[in-house]
Amino acid sequence: MSEMTTALRDLCQLDGKTFPDTLDREALLAQIGESSWLRFALGVAANAPMPAIDDAGLERAAREFAALWPIWLAYRECVIELDPPGSAKVRFCIDPAGARGRPPESFPASTF
């Protein structure tokens, strides 16, 4: 197993994902590409294709993100609630699925 494959497998396991049955690079990256969180971890934009090259960069990004996993998880699960005067509370979070919330559809002007 390559160092890149090991780093990506470890990142998947931290996120509770099962590792694909194959060690095929494309299959592994396709699985990771289905998760907006793991794309974020590797620095791949939501609408961008998974990298075709730069295994060293993927490995480095996966290892750095995994090393700070507890901090990133706290960021991911953070829920922010604002209570602007004269307006309803506004509650949002980075990852609505992770915090069981929903991003607001609009923000009252007085909030910010």
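Student: What covers the buried residues of H1?

Tutor: The cover over the buried residues of H1 includes H2, H3, H4 and H5, where contact means heavy atoms within 4.5 Å. This is a predicted model, in which local features need pLDDT of at least 70, side-chain atom pairs count only at pLDDT 80 or more, and totals for chains, interfaces and linings use all residues. Residues are numbered from 1 along each chain as its sequence is written, and side-chain values use heavy atoms, with hydrogens and water left out.

Student: Which residues of H1 are buried?

Tutor: They are Met-4, Thr-5, Thr-6, Ala-7, Leu-8, Leu-11 and Cys-12; buried means under 20% relative accessible area, exposed over 50%, and partly exposed in between, with a 1.4 Å probe and protein chains only. In H2 the buried residues are Arg-25, Leu-28, Leu-29, Gln-31, Ile-32 and Gly-33, and their cover includes H1, H3 and H4.

Student: How many helices and strands are there in the protein chain?

Tutor: The protein chain has six helices and two strands, in the order α-α-α-α-α-β-β-α from the N terminus on. Helices (H or I, at least four residues) and strands (E, at least two) are DSSP runs, numbered from the N terminus.

Student: What span does H1 reach, and what is expected for it?

Tutor: H1 has 12 residues and reaches 17 Å from its first C-alpha to its last, close to the expected 16 Å, the expected span being 1.5 Å times one less than the number of residues. Just after H1, Gly-16 takes a positive phi of about 80 degrees.

Student: Which residues touch the most other members of the largest nonpolar core?

Tutor: Leu-8, Leu-11, Ile-32 and Leu-42 do, in a core of 20 residues. A nonpolar core is a set of buried Ala, Val, Leu, Ile, Met, Phe, Trp, Tyr and Cys residues joined through side-chain atoms within 4.5 Å. Helix H1 (3-14), helix H2 (25-33), H3 and H4 each supply at least two residues of this core, and H1 gives the most, with five residues. Leaving aside neighbours within four places in sequence, Leu-42 is in contact with Leu-8, Leu-11, Ile-32, Met-50, Leu-58, Ala-61 and Ala-62.

Student: How many aromatic pairs does the count come to?

Tutor: The count comes to nine aromatic pairs, where rings of Phe, Tyr and Trp (its six-membered ring) pair if their centres lie within 6.5 Å, and planes under 30 degrees apart count as stacked, over 60 as edge-to-face and the rest as tilted.

Student: Why is the pair of Phe-40 and Tyr-75 called stacked?

Tutor: Their ring centres are 6.3 Å apart and their planes at 20 degrees, so the pair is stacked. Phe-40 in helix H3 and Tyr-75 in helix H5 (residues 69-77) are 35 residues apart, and Tyr-75, with a relative accessible area of 38%, is partly exposed. Trp-37, Phe-40, Phe-65, Trp-69, Trp-72 and Tyr-75 form one aromatic cluster.
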